[in-house]
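Please look over the sequence and the model below before reading on.

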Amino acid sequence: MSRVIVIQQDRRRFFAEINGVTATLSYRVNNGVMTILHTVVPEELSGRGIGRILAKAALDFALSNNLFLIIKCTFVENYIFKYEPHYAKYMLR
């Protein structure tokens, strides 16, 4: 049976807590730009696609809030180019 992964958000991160273990994607927003800093998925949660779910949540948040993107996280950058290339047009270099 598959479980629904609930993504939560606060002012500095998107996160999912599963069985007491937390996966996070950290970010900051300043002057209309969302900088995605780092994604951490603990080994106990790896292989479940949680990193991709966190990346998608953050990217959707940026677009729905009319934010440009600076990606400092190589995981999210690779995710964009592999799965969601339409986000690349919002990236600042």
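Predicted model: local features only at pLDDT ≥ 70, side-chain atom pairs only at ≥ 80, totals over all residues.

The model has an open sheet of 5 strands, arranged in the order β1-β2-β3-β4-β5 with mixed pairing. Because β1 (8-9) and β5 (68-71) stand at the edges and each has a single partner strand, one side of each is left without a neighbour in the sheet.

Strand β3 (residues 21-30) pairs with strand β4 (residues 33-40) in the antiparallel sense, over 7 bridges, and here asparagine 30 stands opposite valine 33. Strands β4 and β5, by contrast, run parallel and are joined by 4 bridges, with threonine 35 standing opposite isoleucine 70. Together with helix α1 (residues 50-64), β4 and β5 make a right-handed β-α-β unit.

## The salt bridges

There are 3 salt bridges in the structure. One of them joins aspartate 10 to arginine 13, with the closest N and O atoms 3.1 Å apart; aspartate 10 is partly exposed, at 27% relative accessibility.

Within helix α1, lysine 56 and aspartate 60 lie 4 residues apart, about one turn of the helix, and their side chains meet in a salt bridge at 3.2 Å, N to O. Lysine 56 also forms a salt bridge with glutamate 84, at 3.9 Å between the closest N and O atoms. This pair links distant parts of the chain, since glutamate 84 lies in the segment after α2 (74-83), 28 residues from lysine 56. Through shared partners, Lys56, Asp60 and Glu84 are joined into one network.

Notes. Residues numbered from 1 in each chain as written. Heavy atoms only, no water. Pairing = 2+ DSSP bridges. Helix = DSSP H or I, 4+ residues; strand = E, 2+ residues; numbered from the N terminus. Right-handed = clockwise from strand over helix to strand, strands pointing away. Salt bridge = Lys/Arg side-chain N within 4 Å of Asp/Glu carboxyl O. Buried < 20%, exposed > 50% of the residue type's maximum accessible area, 1.4 Å probe, protein only.
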